[in-house]
Structures are given as structure tokens and as C-alpha cells.
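Welcome, and please open the structure in your viewer. We will go from stop to stop, selecting a few residues each time and looking at what surrounds them.

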Amino acid sequence: MQSFIQEDFLLTSEPARILYHDYAKKMPIFDYHCHLSPKEIYENKQFSDIGEAWLAGDHYKWRVMRANGVPEEYVTGNASFREKFDRFAQVMPTLIGNPIYHWSHLELKRYFGIDTLLNAQSADEIWTAANQKLQSPAGAARALITESNVRALCTTDDPIDDLQYHKLLAQDSTFSTKVLPTFRPDRILHVDKPDYPAYLKQLGDVTGIQIQTLADIQQALEQRVAYFAECGCRLSDHSFGSPDFTIWDEGAAEEAMRKAIAGESMLDYEIAAYQSFFMDFLGGLYTKHGFTMQLHMGAIRNLNTQRFRALGADIGCDSIGDPIPAASLAALLDRMAVRDALPRTILYTLNAVDNDKLAAAAGCFQDASTAGKIQFGSAWWFNDHYDGMTAQLKSLASIGVLSRFVGMLTDSRSFLSYPRHEYFRRILCDVIGSWIDKGMAPADYDTIGAIVEDICFNNVWNYIGLD
């Protein structure tokens, strides 16, 4: 059988092939949003086998295994990684049309030189071949990052984290990839969550502040943002469903905090007031310290109560939620902009209904401080497939300025996920190449090739402000 991942995979026109092979392919990677463990990077984690590397924490794969009736024992349970890998191999032929089919075969090809399609019959052969590399120095975490041509990556970190592994990595001259923290204050923003009171105490212990008021939280957050900045942080990250930032009521925000500490139920109005208050405050801190603010919106989490109780969060039971109201997003951005406190901002949506909305809203808050200051971010999570990426690129091009786009990220916990950047780059070149092929754009490869290179790497490197 002919190799599936061929040289011109996804490149359906000659201009697309030129743009990819002559321009996109050679560019390094800045993975500015991922969930890799800095501890595992510092300790140069060695994987036991392809089962661990692929299935230890990948909820994308867990979802499709469950959809094929695989018992939980072989998904997140106590079965061996070989048993889990074999079950995943059996599932793979059913995944035509799902991005996991593309990603998995790209990873087999790029990291292990394996052209064979993964299925029940090939599982043993692929297991053996992949493990030969993963159990060698070339299969350790740092080697995989270096092989993928990753110039820098940004992990996702809680404000109370001591960032010790980031500091150790910054001092380690043997590893050239920059590993930077990202400030992710979700636990302080989601006042309605059961663990909020306990988290307040943790934040207070770390900062030496007895937290009793909104002002105390502000003081603690300011201290932690400054600490993160000292440790090389350049970005924040926030996750919301469809928040209402139109509400501005400091008294209601205080009431939300009081009720949370007392274990009382809060009104939706009070939760919204609390979140609006602190997002506005944090925006000012980010501007002061030169952070880029990332807003991930449109997710609804932990839909399966039974599975959440058994396994916890982030196990593949989150879904696409409601769109964010246009007035809510506008209120948040405008409130900061009026005070000259709107930081560089990247907007992501899990609900593709919001694509044009986010691209249009971003255009209202651009200014001369940074080209493409407000970004409509890459297709995220349930959208980072062929159709989703294509739709995001076309929406941005039609309503915004595609050439200023900061491009792709992995948003992944896997050290084998970097071929997702290749996947994105091939789709990017195919979209732009199709315009050239149809006469909708000129065959000016010097100019358009440079745009492709910028989207792949240069834009985000300059936007985040790395040296």
C-alpha cells in the first residue's frame, strides 16, 4: 500500500505545494500555549513505551475509544499501556474524518519513520518500532522537543506555583529551547467553584496576605503577576464558558466573595460582577508587565457527573458551550481600552458560531502599539481539525488581516504533538495556495511566502516579545 502521509499530504494545488515546501516547512515552532509539564522537561522524561506517550493523558484519544465501546479499564483504568495501545490500534481504522487519524499517522511518520497504517494487525510491529526510539536517548522529552525544531514553548501554570522548574530550566545551558510559564488564574476567577475558599487560603499562604476582601485578592494577584514576570512569563490565560462582562457592580462582587467563603449559593449576577471586576483589574496588570492575555471562551465542562465523580476533570467530558454574547466581549475589552489598560489579547472560541464575531470585535480595538494587537486565535480544541482550521483562517482573512495572524499552538499535554503545527501549516498553505490557483491572489511567492513564514513563526515571536 502506498504511504498515507506523502510529501504533498493535504496540498491540493501547485501553489500550495510551493508555499509549504519552500516557505512553511523550514520555519521553527513557538508553541505559545501548551500543557506540557515543566518538571518532565527539566527531568528529561523517558517514556516507557508508545502507550504511555500517547495515552497517559490524551483526552482526545480517550473520547474516541469510549465512542467505540472500549471499557474504561483500557482508557484511564489499570490496564497496562500495551493493552491500552492495542485497544487504540483496534479503534484507529474507525476514525476516518477525525483529526486524530491524521495526527497519529503524522506522529508515527515524523518521529518514528513509520508509514504503516495503525490497526489491530500492525499494532505489534508499530509498538516495537516506536519503543526502540522512545526507550533511547532520542526518545526523551528534550530530544523530542529539539527534533521538532521548537524554539520556545509556554506551559500553563497556577498563580501559586513556585515555578522552580522554569527557573532551573532557565539556568540550564544544555537545553536551548526557552520554557516559559503562563499565568492561569482560573481558580481565583471562578468564585462559584467548591474549592474557591481553600484556594484563597493557599493564595494567602503563598503571598503572606490574610485574604478577606477584594482588595486583598488584588494585592495577592499583583504580587504573583510580578513574580511570574521575573520568571520570564509573557502571557496569561483564562477559560470561560459564555461570561457576562457587561455587569459592573463592585458591591455584588464583594457579595459573591462573601457567599463563597460562607458556603452560600450565589446569584449569576454576583458571579458575573466578580469576574468582570477581576478581569478588568488583571488586564491592567498584564498591560503593566507586558503580558499577552489569552481568553478561551465557549467551553462547558464536566458534563458527565458520574464520570467526573469517578475520574475528576480533564478526562474527555467537556464540550462545546454557548457562544459568548457580543456585548459581553465588547464590554470587557472596551472597559480596559478606555483606561489605556487593554493588553495584547488573543481571543479563542470553542463555538465556531463565534468565528466572525471574534474576528470583527478584534478589529475594533487595534492600535499603533502592536500590529495585530487583538488577535482572533487559532481554531481551538473541537475546532482544530481540517474544516475548523480552514474556517478560522477564512474568517480571519475575510474580516481581519490574515498576514498578522500569530498562528498555531498545540494546547497539548503530549511531547509527540508537534506535528499539529505541520498539519496547520499544510492547511494554511492549501488555503492560500487555492486563492493563487483560482486567480484570487497573485503568484507573488516572495511576498506571499514571507506572509506564510510570518504566520508560522515570526509574527508570534515578535508579538510575544521574545529576544
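**Stop 1: a buried arginine.** Begin by selecting Arg 66, which sits in helix H4 (residues 59-67). Keep in mind throughout that this is a predicted model. Is Arg 66 buried or exposed? Its relative accessibility is 15%, so Arg 66 counts as buried, the cut-off for that being under 20%.

Stop 2: Now move to Leu 11, in the segment before helix H1 (14-24). Leu 11 has a relative accessibility of 4% and therefore counts as buried. Which residues does Leu 11 touch, leaving out those up to four places away in sequence? They are Ala 16, Arg 17, Tyr 20, His 21, Arg 426, Cys 429 and Asp 430. For a sense of distance, select Ile 126 as well: Leu 11 and Ile 126 are 115 residues apart in sequence, and their C-alpha atoms are 27 Å apart in space.

Stop 3: Next, show Lys 25, Ile 29, Arg 110, Ser 148 and Glu 422. Of the 15 residues lining the second largest pocket, these lie closest to its centre. The pocket holds about 340 Å³ of space. Helix H6 (99-112) and helix H19 (419-437) each give at least two residues to the lining, and the largest share, four residues, comes from H19. Sorted by class, the lining has six nonpolar, three polar and six charged residues.

Stay with Glu 422, which is found in helix H19. With a relative accessible area of 11%, Glu 422 is buried. Setting aside neighbours within four places in sequence, Glu 422 is in contact with Tyr 20, Leu 106 and Arg 110. Select Lys 288 for another distance: Glu 422 and Lys 288 are 134 residues apart in sequence and 35 Å apart from C-alpha to C-alpha.

Stop 4: In soluble globular proteins, nonpolar side chains tend to be buried together. Here the largest nonpolar core has 158 residues, and the members that touch the most others are Phe 30, Phe 88, Ile 188, Ile 217 and Tyr 274. Which helix gives this core its largest share? That is helix H14 (residues 268-289), with 11 residues. Select Tyr 274 and then what Tyr 274 touches beyond four places in sequence: Ile 188, Leu 189, Val 191, Tyr 196, Leu 214, Ile 217, Ala 253, Ala 256 and Met 257.

**Stop 5: along helix H12.** Two of those contacts of Tyr 274, Leu 214 and Ile 217, are also among the buried residues of H12, so select this helix, residues 214-230. At 1.5 Å a residue, its 17 residues should span 24 Å, and its end C-alpha atoms are 25 Å apart, which agrees. The buried residues of H12 are Leu 214, Asp 216, Ile 217, Gln 218, Ala 220, Leu 221, Arg 224, Val 225, Tyr 227 and Phe 228. What covers them includes helix H9 (164-170), strand S4 (182-183), helix H10 (186-189), helix H11 (196-207), helix H13 (250-262) and H14. Just after H12, look for Gly 232, which has a positive phi of about 95°.

**Stop 6: two asparagines in loops.** Most residues other than glycine have a negative phi. Asn 149 is not a glycine, yet its phi is positive, at about 60°. You will find Asn 149 in the loop between helix H8 (141-147) and strand S2 (150-154), and at 35% relative accessibility Asn 149 counts as partly exposed. Then go to Asn 302, in the loop between strand S7 (299-300) and helix H15 (305-311). Asn 302 also has a positive phi, of about 55°, and its relative accessibility of 27% makes Asn 302 partly exposed.

Stop 7: By class, the lining of the largest cavity has five nonpolar, seven polar and no charged residues.

Definitions and conventions
Residues are numbered from 1 along each chain as its sequence is written. This is a predicted model: local features need pLDDT of at least 70, side-chain atom pairs count only at pLDDT 80 or more; totals for chains, interfaces and linings use all residues. Side-chain values use heavy atoms; hydrogens and water are left out. Ala, Val, Leu, Ile, Met, Phe, Trp, Tyr, Cys and Pro count as nonpolar, Asp, Glu, Lys and Arg as charged, and the others, Gly among them, as polar. Buried means under 20% relative accessible area, exposed over 50%, partly exposed in between (1.4 Å probe, protein chains only). Contact means heavy atoms within 4.5 Å. A nonpolar core is a set of buried Ala, Val, Leu, Ile, Met, Phe, Trp, Tyr and Cys residues joined through side-chain atoms within 4.5 Å. The expected span of a helix is 1.5 Å times one less than its number of residues. On a 1 Å grid over the protein atoms alone, a cavity is a set of points where a 1.4 Å probe fits but cannot get out, and a pocket is an open set with protein on both sides within 12 Å along at least five of seven lines; lining residues have an atom within 4 Å of a point. Grid points are joined across faces, edges and corners, and a volume is the space filled by probe spheres set on the points.
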